[in-house]
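Consider the sequence and the three-dimensional model shown here. The paragraphs that follow lead from the strands to the core.

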Amino acid sequence: MNTLLLNETVEPENKRDTHIKTSWIWNYWDEEIQEVKGENRLVMICKVIDSFSQTSCGKTYIKSKGSTGNAISHLRNSHDISKDGDQVC
Ligand SMILES: [Zn+2]
């Protein structure tokens, strides 16, 4: 009965809460230290190039627990970029 083991490569799509994979967003974001209200904070900066103006987006979020979620929403809403492909149809 070893044949079943050969197909055990299914990805656990449902385990999103505890171990969400967000490394893909770093194709589109840079990390940088910026001064925010007099304090040096780690921020993330959107580096997606706008196809019309040919300039980088520059949207900035202060890095925190929720910032990757904001970053994902921003990519999706502003640039039509999602994890599974560059362009969302
Ligand atoms: Zn952006």
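Helices (H or I, at least four residues) and strands (E, at least two) are DSSP runs, numbered from the N terminus. Two strands pair if DSSP finds at least two bridges between them. The model is a predicted one, in which local features need pLDDT of at least 70, side-chain atom pairs count only at pLDDT 80 or more, and totals for chains, interfaces and linings use all residues. Residues are numbered from 1 along each chain as its sequence is written.

Strand 1 (residues 29–36) and strand 2 (residues 39–46) run antiparallel and are joined by eight bridges. Within this pair, Asp 30 stands opposite Ile 45 of strand 2. The two strands form a hairpin with two residues between them, and Lys 37 in the turn has a positive phi of about 50°.

The pairing extends to an open sheet of three strands, antiparallel and in the order 1-2-3. Strand 1 and strand 3 (60–62) stand at the edges; each has a single partner strand, so one side of each is left without a neighbour in the sheet.

The interior can be considered next. A nonpolar core is a set of buried Ala, Val, Leu, Ile, Met, Phe, Trp, Tyr and Cys residues joined through C-beta atoms within 7 Å; a residue is buried if 20 or more other C-beta atoms, placed from the backbone, lie within 10 Å of its own. The largest such core has seven residues: Tyr 28, Trp 29, Met 44, Cys 46, Ala 71, Leu 75 and Ile 81. At least two residues of this core come from strand 2, and at least two from helix 1 (67–79).

Note on methods: A residue is buried if 20 or more other C-beta atoms lie within 10 Å of its own, exposed if 12 or fewer, and partly exposed in between; C-beta atoms are placed from the backbone.
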